Amino acid sequence: MKWNRKAKMVTVYLFTIIFLIFLNFLLPRLLPGDVILAMYSGQEILITEEMYNELVILHGLDKTLYEQFSIYLTQLAHGDLGYSYVFHASTTDLILAALPWTLLLVVTSFILSAIAGIVLGVESSWRRGGKIDKSLLVSMLFVDGVPSLAIGVIFLSVFSLKFGWFPTAGAMTPYSNAEGIAHIKDVLMHLVLPLSTLTLSQIPGDYLMIRNSMMLTIREPFILTARAKGLTERKIKYFHAARNAILPFFTRIGIRLTYVLTGVLFIETIFAYPGLGLLTYEAISNRDLPLIQGILVVSVLLVLLVNIVIDIFYKKIDPRIEYAH
Amino acid sequence: MHIKMLHEFRRNKIGVIGLSILLILFLSAVLAPVIAPHDPWDYSFNYFEPPSKDHLLGTNDIGYDIFSELLWSLRTSVVFGVSVAAIACTIGLLVGISAALVGGTYDVIVMRVADALLAIPSILVMILIAAYFQPSLPVLIITLSLITWQTIARGIRAQTLSLKTKLHIKASKNMGASTFYVMRKHIIPELFPLFMMGFVTKTRIAVFMEAGLSFLGIFDPTTKSLGVMISYATHYLYLDVWLNWLLPPVFSLSILIISLAFISFAVEEIFDPRLRRNNGTQI
């Protein structure tokens, strides 16, 4: 059976969405007991009769399962992810307010760790077996093993609490009314620790991947050709070898994003950084299930979006790719 | 791929270091009931006692002996990590082999489900399920296995597909071997290295996940956990307890994961001959 790449992509996205709907729509309805109580009852919220009736109408729980499903899909299509009774706000608004901070963290750390990982990986593989390669490899494997949770906790206790160099919580000083450069400086100071934790936790992965793929590339005949042409070492290293070795980096961005979002969850919780991760933590502690569901939807959409963009651009990045298997 | 596994592994220093650390940690986790000086649930001690002969790491805010708690938490990490890895790898192995051997529509559907699972952050699924069911440890183990088998299945499938076309497999088939016989005698033994690498990686992810979920406060509250210890210790950082309360669980968790990272690196280097120079990176 021949499946072309587009059909394959579409089926994957379809399955992802089915799984998401199963988790968010079917699971609460499959639970024994009352759906509304299962979803909305928390320690903080007391569900009044009035609220209960309101929620029954909102989710169409007095109707058939089929009609409930169409209500759910319509709300989803309108970008309505539900209402949080804990925060007294629309879930969509809460997520949209938190998303920019998370994106700031994720995108910046992606770029920083990619630069560091590529440079270290290329230099390390070029000196294979040498002193620099060995010590880099061991230290990177070591850092790779330290979970982001641990890095974050250590950074917080040492740099914020012990030395007091950086603020302990938040993304900016509340009520400071600082403007212009002072404001930017304030935001950056709050960003330093969460960003370095997230970046540090990603560098080893990038490094190990680039190092492995460089080792395979270095043996290719075109490297020998480049040498024979008399190109400088630096040119061969970065413009001939590294250019080919970083290709797997792009295919893995989508998968890596799910890991990075996991890291963000802990790092934002530790540094009380007001992004999606901290919102998830607050939703957990308040048992705000509609909010957790909303965050799940947004995270999965984010990963799918990145995958689609990469699928589209990958042919441009690597023209060798075959579109029909 | 016929490599003298043990011989190669012994020559790989990174692997030997990783395995030694792991064995020590495993041993102390298994022997926790024997070596722990106190009952980890006994809160009859004084609060915030500094480290002493009786309490090696002092006591915490409600009077638990931190050292005993640490050993029992390590036990939870190890049990959770190994069980998730065992279940997830078994599912991955079965799905991967069957997809490669059966092929057709079954292969397409199963592998697309695997791809779809890759796009879903498993931690959020775990959080959602934990919030709905407040499940016990075994249920959490099974849930995490059910959403993390996909990477194993993909690797196993690709390897089986390439094995299927190898001459010695064709030869044994031509001599009348059944599919099951070929699978048992030729395919599964050759998949072993890949399976082992997957096992180590999954253990690592599961250990991290257990610590993370309990750090967020959504794990089975009846078990001791490194994540819970870290979480409580961070609440009392202002009391300067970080040396005897915060660092031990952070350090144990890191060392456990580092040893697994070392082992998986060594195994990968041994079994991917393209990565080897002469006989492995000799560090």
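**Entry 1: the bend in H14 of chain A**

I take the bend at a residue as the angle between axes fitted to the seven residues ending there and the seven starting there. With that in hand I looked along H14(A) and noted a bend of about 30° at Asp311(A). I keep in mind throughout that this is a predicted model. I also looked up the span of H14(A): the helix has 29 residues and reaches 41 Å from its first C-alpha to its last, close to the 42 Å expected at 1.5 Å a residue.

**Entry 2: the two chains separately**

For chain A I noted 14 helices and two strands, with C-alpha atoms that fill a box of roughly 80 × 65 × 35 Å along the principal axes. Of its 325 residues, 37% count as buried. I then took the contacts in chain A with a separation of 6 or more, and found that residues 24 or more positions apart account for 69% of them.

In chain B I found twelve helices and zero strands. Of the 283 residues of chain B, 47% count as buried. Among its contacts between residues at least 6 apart in sequence, 71% join residues at least 24 apart.

**Entry 3: domains of chain A**

The domain assignment for chain A gives domain 1 as 2-78 and domain 2 as 96-287. I looked up how far apart they sit, and the C-alpha centres of domain 1 and domain 2 of chain A lie 36 Å apart.

**Entry 4: where chain A meets chain B**

I looked up the contacts between the chains and found that 53 residues of chain A are in contact with 43 residues of chain B. On the side of chain A that touches chain B, at least two residues each come from several helices, among them H1 (5-30), H6 (131-145), H7 (148-162) and H8 (180-218). The largest share of that side, ten residues, comes from H14(A), the helix in which I had noted the bend at Asp311(A). By residue type, the side of chain A that touches chain B divides into 35 nonpolar, 14 polar and four charged residues.

**Entry 5: the largest nonpolar core**

I next asked which residues touch the most other members of the largest nonpolar core. Among its 153 residues, these are Val264(A), Ile295(A), Leu296(A), Met126(B), Ile127(B) and Ile230(B). The largest share of this core, 17 residues, comes from helix H4 (residues 66-102) of chain B. Domain 1 (2-78) and domain 2 (96-287) of chain A both give residues to the core, so I describe it as lying between them.

**Entry 6: Ile257 of chain B**

Ile257(B) is found in helix H12 (residues 242-271) of chain B. Is Ile257(B) buried or exposed? I count 23 other C-beta atoms within 10 Å of Ile257(B), and because the cut-off for buried is 20 or more, Ile257(B) is buried. Not counting residues up to four places away in sequence, Ile257(B) touches Arg204(B), Val207(B) and Phe208(B), together with Gly145(A) and Pro147(A). I also checked Ile257(B) against Ser83(B), 174 residues apart along the chain, and their C-alpha atoms are separated by 16 Å.

**Entry 7: H10 and H9 of chain A**

The buried residues of helix H10 (residues 233-245) of chain A are Ile236(A), Lys237(A), His240(A), Ala241(A), Ala242(A) and Ala245(A); I note that a lysine and a histidine are listed there. These buried residues of H10(A) pack against helix H5 (91-126), H8 and helix H9 (221-228) of chain A.

Within helix H9 of chain A I looked at Thr225(A). Thr225(A) has 12 C-beta neighbours inside 10 Å and therefore counts as exposed.

Most residues other than glycine have a negative phi. Against that background I recorded Ala272(A), which has a positive phi of about 45° although it is not a glycine. Ala272(A) is placed in the loop between H12 and H13 of chain A. With 17 C-beta neighbours inside 10 Å, Ala272(A) counts as partly exposed.

Conventions
Residues numbered from 1 in each chain as written. Chains lettered and ligands numbered in written order. Predicted model: local features only at pLDDT ≥ 70, side-chain atom pairs only at ≥ 80, totals over all residues. Contact = placed C-beta atoms within 7 Å. Helix = DSSP H or I, 4+ residues; strand = E, 2+ residues; numbered from the N terminus. Nonpolar A, V, L, I, M, F, W, Y, C, P; charged D, E, K, R; others polar. Expected span 1.5 Å × (residues − 1). Domains from an automatic or database assignment. Core = buried A, V, L, I, M, F, W, Y, C linked by C-beta atoms within 7 Å.
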